[in-house]
Amino acid sequence: MKTRIVISCAGLWLLCASILAAEPSAQFAKANQEYAAGDFKAAIDDYEELVRSGRDTPNLFYNLGNAYFRKNDFGRAILSYERALALDPHHPEAEANLRIARDEARALELVPNRWERIFAFADENQYALAASISFWIGIFSVATWVLGRGRGRGPIALSILSLSIFVIAVGASYELSRGKNGRGLAVVTGDKVEARLATADNANRVLTLPAGSEIKIVSQRGDWVYALLPNNLHGWIPSNSAEQVRL
Amino acid sequence: MSMFRRILFLAPLAIAAMQSSFAASPGVTAVLSNSQPAVGQMVQLEIKVNGANSANVPETISIDGLEIHQTGTSRQFEMRNFDVSSSVTYNYTILPLKAGQFKIPPQTVRVGNDSLRTPELVLNVAQGSGNPGSSAGSAQSGQSTVGSKIAFAELVVAKKDAYVGEMVPAEIRLGFDPRARGRLQDGPELSGQGFTTQKLQQPRENLETIGGRTYQVYTFKTAIAAARPGKFEIGPVTAKAVVVLPRRPSAPRTTRPRSPFDLFNLDDPFSDPFFSDPFGSTGERTELPIQSETAALNVKPLPPNTPPNFSGAIGNFTMTADAKPKTVQVGDPITVTSTITGRGNFDRMNGPALEDERGWHKYPPSSKFKQDDDVGMSGEKTFEMVIAPNEKKPAVPPLVFAYFDPVKENYVTLRSTAVPIQVEGGAGPTAATAPAVAATSAAPTSTVGVTPAPTAKPQDILYQLIDLGRVRSFTPIYARPVFWIAQLASFILLLGFVGWKIRQAKIDNLEAQRTAALQQESGELLRKLRRGELSPQEYFSNASRVVRVKTALVKNLNPNAVDAETAAKAFDLGEHERAQLRTLFDRSDELRFSGSGNGAKTISSEEREEVLRLLESLRA
């Protein structure tokens with residue numbers, strides 16, 4: 001009797017899980033069909049609804065970017081591609097379409113600094129993971145060496161190697177987190193947004209930003225954000241004219 | 001007569017002779033320090049009488065348009081080859097009150113009974129700028145003479161009218177009477193709203209005579225730029241300085257001897273004798289706030305017909321451009337270097353833009369500025385922009401740079417010529433032609449910029465993906481709870497590992513102690529056995545104990561649990577040794593249980609040797 005109850009509960013749980021999983025997939029398929037039929041607005045609505053429900057997948061943002069691209073909303077298209085790449089830095093389709101969208105919009109990009117270029121072969125999460133693993137290997141090696149009363153060169157060599165990797169990985173992760181693709185990265189969604197010297201519409205311009213241009217938000221004051229601009233200057237832009245890449 | 005007495009006798013005669021010699025030929029000269037001063041610029045007159053210790057000279061010289069006063073006397077003695085000469089110099093200060101040519105007539109100087117006359121002197125006084133605020137040109141200034149004549153502050157703004165964002169040169173001048181030994185404590189600061197100021201540079205320091213007074217003047221250069229149109233009050237300039245002022249004595253002023261500085265202004269604080277003799281009295285250090293007047297600046301808005309590439313540059317500029325390398329593959333970077341040279345607001349200047357960006361992937365430019373002046377208004381700014389062709393291109397498109405010329409009051413667009421390049425690989429060219437000039441200088445064109453119409457067919461994006469894929473998080477891995485749970489688990493694992501290792505070490509330590517104790521016991525017993533002082537009971541008991549201990553060490557056993565067979569097996573003994581061992585254990589048991597009275601009371605040396613050989617042969 002008890003076994004039957006357990007089996008029934010497990011079956012019920014699997015059924016619910018499959019229904020819940022099937023629902024976003026169905027909506028995604030529906031949005032794709034709308035896109036194929038040329039109804040880009042409906043497709044955008046459906047994709048956006050999935051985004052709002054927390055289904056943050058690289059493919060969803062990629063498809064959403066395509067839909068915006070078709071609507072000639074290059075700012076949001078670039079934003080969506082950037083989000084797809086933030087979730088999966090090696091998304092080839094998103095990379096390709098982002099390049100095309102940037103060319104179309106003449107969008108400006110932030111320049112990666114020297115360290116970002118050096119550490120570009122892995123992303124922030126991979127470095128954090130490498131740092132964690134190398135740290136514990138290093139600590140265990142040190143413990144082995146100390147508790148083994150300094151016998152053997154193997155543990156100490158391994159600990160030096162691991163802790164060196166740890167330091168490099170932490171540095172890389174830190175640099176990438178505060179760099180071009182870090183937490184403050186935002187994309188200008190409006191077209192020809194003026195970055196200004198002060199939080200006033202009549203303040204002097206620093207730079208005119210085409211839609212899709214990258215900026216790095218430094219701080220926010222009221223309806224204005226203070227951001228690093230692609231020309232390495234800083235300026236104020238209206239907060240509703242740019243969206244952060246990382247949700 | 002001794003030599004000493006002779007000297008005493010001759011010395012007065014020699015002195016008298018010398019006195020008579022220089023009294024015999026007195027002469028007089030008169031010299032002006034400057035014969036062509038401006039109005040208000042002080043001139044020194046020196047009347048020098050040679051061959052005399054003193055003379056009667058006029059205290060004042062009256063000439064209309066000049067104010068002449070005697071300021072002091074100095075005496076000189078000179079001895080050359082026993083020829084002693086003396087002179088006395090009378091100093092006068094002349095203050096020209098008006099322009100023109102003045103003749104200082106010969107003055108009569110009485111030396112003893114002689115009467116000498118100075119030569120006639122001519123002074124040409126020019127109409128000059130006596131006041132510190134009267135700067136030349138269109139400059140305007142705000143001046144203050146705070147602290148009477150001790151210090152002043154002055155703001156000189158080069159223009160009265162400017163455009164929004166235009167850099168206007170400005171000078172801040174702070175002057176101190178050198179005698180006050182003024183030292184800046186705070187500032188200078190230029191207050192006011194609606195404009196930005198360039199950082200003040202290190203001041204230039206010089207001595208200037210202003211209104212007949214000499215000032216130590218510090219000149220700070222800067223530039224101001226208005227952020228919005230309107231009428232602005234620039235300044236005032238404020239500063240705080242520490243000056244040294246004389247302490248006011250309680251005695252009435254009239255009793256004080258006149259100082260040379262007190263000739264024209266009896267209120268001068270430096271008329272105090274302290275300044276005549278700074279070491280003879282003490283001064284008082286006083287903090288002195290200095291403030292200038294404000295200067296007005298009328299700021300006009302920029303004209304409305306802004307060219308598309310205008311990014312706020314105001315001034316007068318020229319541009320050159322070049323691109324390297326000239327031969328690339330599709331997608332390879334090309335560095336386009338453009339240099340803007342001239343005078344204007346370089347700090348707000350963005351780099352030139354490509355006239356036609358289609359088919360190019362471009363990165364924001366980097367820039368460096370080399371200034372030619374103190375405030376960064378003049379110089380050259382070099383922009384480096386990296387671009388990569390997405391397809392075959394015959395040339396790097398022209399660069400376009402727009403600025404506003406405040407002199408001509410219109411916008412100017414500079415356009416470089418295209419730089420021909422060779423792009424290999426990829427699709428054919430889609431862009432237009434290129435002139436055959438590599439590095440070119442740009443010429444100003446019309447005031448309206450041109451935005452090229454797109455000529456290339458836009459590339460199409462890739463397909464939709466049908467798989468929704470796995471949900472991922474934007475949160476970095478180190479900000480997720482699971483990451484820290486994993487770290488905690490690793491930490492617990494580390495603690496377990498450390499605990500286990502410590503326990504192992506403790507166990508190893510106990511085993512080592514036990515082994516050492518057994519080895520020590522074995523050694524002790526063998527030494528006793530060799531000495532041969534033991535009774536048979538003790539001897540065999542100890543011998544059997546040695547066997548047990550050695551076996552326990554080899555087999556890691558409890559020594560008390562070892563018997564003859566175990567020991568023989570542990571050391572892999574032959575039959576003979578095995579029998580000996582059994583006999584040893586039997587003798588030991590027999591003696592232990594039967595008592596010491598049975599059998600012989602001593603052990604023969606042969607038997608002892610035999611037992612010792614057996615014990616020493618027990619090796620693992």
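Me: Before we start, what makes a residue buried, exposed or partly exposed?

Reply: A residue is buried if 20 or more other C-beta atoms lie within 10 Å of its own, exposed if 12 or fewer, and partly exposed in between, with C-beta atoms placed from the backbone. By that rule, buried residues make up 30% of the 620 residues in chain B. This is a predicted model, where local features need pLDDT of at least 70, side-chain atom pairs count only at pLDDT 80 or more, and totals for chains, interfaces and linings use all residues. Residues are numbered from 1 along each chain as its sequence is written, while chains are lettered from A and ligands numbered from 1 in the order in which they are written.

Me: What makes a set of residues a nonpolar core?

Reply: Its members are buried Ala, Val, Leu, Ile, Met, Phe, Trp, Tyr and Cys residues joined through C-beta atoms within 7 Å. The largest such core has 49 residues, and Tyr47(A), Ile78(A), Tyr81(A), Ala101(A) and Ala195(A) touch the most other members. Helix H4 (residues 74–87) of chain A gives the largest share, 9 residues; helices (H or I, at least four residues) and strands (E, at least two) are DSSP runs numbered from the N terminus. A second, separate core of 37 residues includes Val157(B), Leu190(B), Phe220(B) and Phe232(B).

Me: Which residues does Tyr47(A) touch, not counting those up to four places away in sequence?

Reply: They are Ala31(A), Leu60(A), Asn63(A), Leu64(A) and Ala67(A). Each pair counts as a contact because the C-beta atoms, placed from the backbone, lie within 7 Å.

Me: How many residues does each chain bring to the contact between A and B?

Reply: Chain A brings 50 residues and chain B brings 38 residues. On the chain A side, H7(A) gives the most, with 10 residues. That side has 25 nonpolar, 13 polar and 12 charged residues, where Ala, Val, Leu, Ile, Met, Phe, Trp, Tyr, Cys and Pro count as nonpolar, Asp, Glu, Lys and Arg as charged, and the others, Gly among them, as polar.

Me: How do you know that the span of helix H4 of chain B agrees with its number of residues?

Reply: The expected span is 1.5 Å times one less than the number of residues. For the 20 residues of H4(B) (residues 536–555) that gives 28 Å, and the end C-alpha atoms are 28 Å apart, so the two agree.

Me: What covers the buried residues of H4(B)?

Reply: The cover includes helix H3 (481–531), helix H5 (564–570), helix H6 (575–594) and helix H7 (605–616) of chain B. Among the buried residues are Tyr539(B), Phe540(B) and Val547(B), along with Arg548(B) and Lys550(B).

Key
Two residues are in contact if their C-beta atoms, placed from the backbone, lie within 7 Å.
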